[in-house]
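Subject: Structure for your files

Dear colleague,

Please find the structure below, with its sequence. My notes on it come after.

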Amino acid sequence: MHPRHVLSILVGLITVTVGALAQAPPATHPVILHAARLLDIEGGRILTPGEVLVEGEKIMAAGSSVGHPAGVETIDLGDTTLMPGLIDAHVHLFLHPGAEDLQTVEESVPQRVIMATLAAKADLLAGFTAERDMGTEGAGSADTAVREAIDRGEVPGPHMRVSGNAINILGGHEDALHFNPEQHVLPNATYANNADELVAVIRQQIKEGADFIKIYETGRDFLKDGQFHTLVQYTEAQLAVAVAETARLQTRVAVHCEGEPGALYAAQAGVASIDHADQLSDETMRLMRERQIYAVPTFMIQEYFAAHASSPEGAARERQLLDYHAQEFHRQLEHGVPMAVGSDVGPFPHGTQAHEMELMVQYGMKPLDVLKADLLNGARLLDWENDLGALKPGYNADIIAVPGNPLEDIRVLQHVSFVMKSGTVYRR
């Protein structure tokens, strides 16, 4: 099929799906959500029953019972648990299942923007009301347009923090390494080979609408003689310059970083999060604990790659890396490394990423600790700690309902039955 025909079909799909989802703005009258249970995430407990009073876009009260003002509408959600909207701190709206290197070459940016809006809708309907987009993979600042369309109510999607293109060195991670050099295939990230270039690219990314900066701190990773190795891309001094420049611009740096010594350089420089974090040294973990630098484990992408490898040898390698990461994750928990939740969704289907929290429980965390990592730490990492992540007066009315008790069975997060974002109901 000709690419123009594909794009026309996608335009039709997005028009139909958005039209079907079109919601009235938040009710002008107060609304009470009532359910059998409510998650008090800060108190670490389930209240029975649960009620949340919503006026406009904000929560006015929450608890076992709330005052019922005149003219209030009550929505009874039955035998469910009310809880804050979920947060995914590592997504790729501009990716979908399939060969990542080919889709970024073969698909136009307009086509990828349409796909990104469909991905945002899928994530929202799965209960993710806030996300951090960790790079458009070659689509530049197109995620700014998606974020703004969501904010204007033109398309449904989570609250977004976006980074535009990630930043990379020549020949580094995501640099079209396996294509014919004579074809001059563009990288999926923006080059910055020294401190001065980092500053210039950071300024350009912020100019184009980025909320934060994503840097590839490590490249290829591999196991050799039972030892984990990664290729470091930036020195601590270079990362420190990047962190200082983002601080001047009132934002922060997140790094893609699989292991050492890159993770130590990132922690010493003072980044906001170390994403993937397969390997962290004792000194790195100490710094992360003291400075509250979040590890974002992204187990789900590793599990997906292991299950969808192109060869038995590739599958064995991915499983070996996943096993190694799980072992290291235990050490990180023992050392008190602060965690946030990010799935790396994109290479696997959008809207399925609640499974990430199930894996974090499987590999050693308690359900309550995973939920705190997702909701409280996630809100802090996305700079929305006074707006999202809890059901509290004055917070944004981002509320979901799930069956059962998530403190007893984290898997209920995969069965969201109700979604409200900013006081508007998107799923019921």
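This is a predicted model: local features need pLDDT of at least 70, side-chain atom pairs count only at pLDDT 80 or more; totals for chains, interfaces and linings use all residues.

I began with strand β16, residues 253-257. It is mostly covered, with five of its five residues buried. In a regular strand, side chains alternate between the two faces of the sheet. In β16, V253, V255 and C257 point one way while A254 and H256 point the other way, and all are buried.

β16 has pairings with two strands that I looked at. With strand β13 (residues 213-216) β16 runs parallel, and four bridges join the two. Here Y216 stands opposite H256. With strand β17 (residues 273-276) the pairing of β16 is again in the parallel sense, over four bridges. On that side C257 has H276 of β17 as its bridge partner. Between β16 and β17 the chain passes through helix α7 (residues 262-269), and this β-α-β crossover is right-handed.

Next, the sheet made of β8, β9 and β10. Its three strands form an open sheet in the order β8-β9-β10, with parallel pairing. β8 (86-91) and β10 (159-162) each have a single partner strand and stand at the edges, so one side of each is left without a neighbour in the sheet. From one strand to the next, the twist averages 15 degrees. β8 pairs with strand β9 (residues 128-133) over four bridges, in the parallel sense. In this pairing, V91 has D133 in β9 as its bridge partner. Helix α4 (residues 142-151) lies across β9 and β10, and runs at about 160 degrees to β10.

Last, the helix pair. Two packed helices are described by the angle between their axes and the distance between the axes. For helix α9 (residues 299-307) and helix α11 (residues 355-362), the angle is about 95 degrees and the axes are 8 Å apart. Angles of 65 to 115 degrees count as roughly perpendicular, and α9 and α11 are therefore roughly perpendicular to each other. The contact brings F299, M300 and E303 of α9 together with H355, E356, L359 and M360 of α11. By residue type, this contact of α9 with α11 comprises four nonpolar, one polar and two charged residues.

Regards

Methods. Residues are numbered from 1 along each chain as its sequence is written. Side-chain values use heavy atoms; hydrogens and water are left out. Buried means under 20% relative accessible area, exposed over 50%, partly exposed in between (1.4 Å probe, protein chains only). Two strands pair if DSSP finds at least two bridges between them. A crossover is right-handed if, with the strands pointing away from the viewer, the path from the first strand over the helix to the second runs clockwise. Axes are lines fitted to C-alpha atoms, for helices over the stretch in contact, and angles run from 0 to 180 degrees between N-to-C directions. Angles under 35 degrees count as roughly parallel, over 145 as roughly antiparallel, 65 to 115 as roughly perpendicular and the rest as oblique. Contact means heavy atoms within 4.5 Å. Ala, Val, Leu, Ile, Met, Phe, Trp, Tyr, Cys and Pro count as nonpolar, Asp, Glu, Lys and Arg as charged, and the others, Gly among them, as polar.
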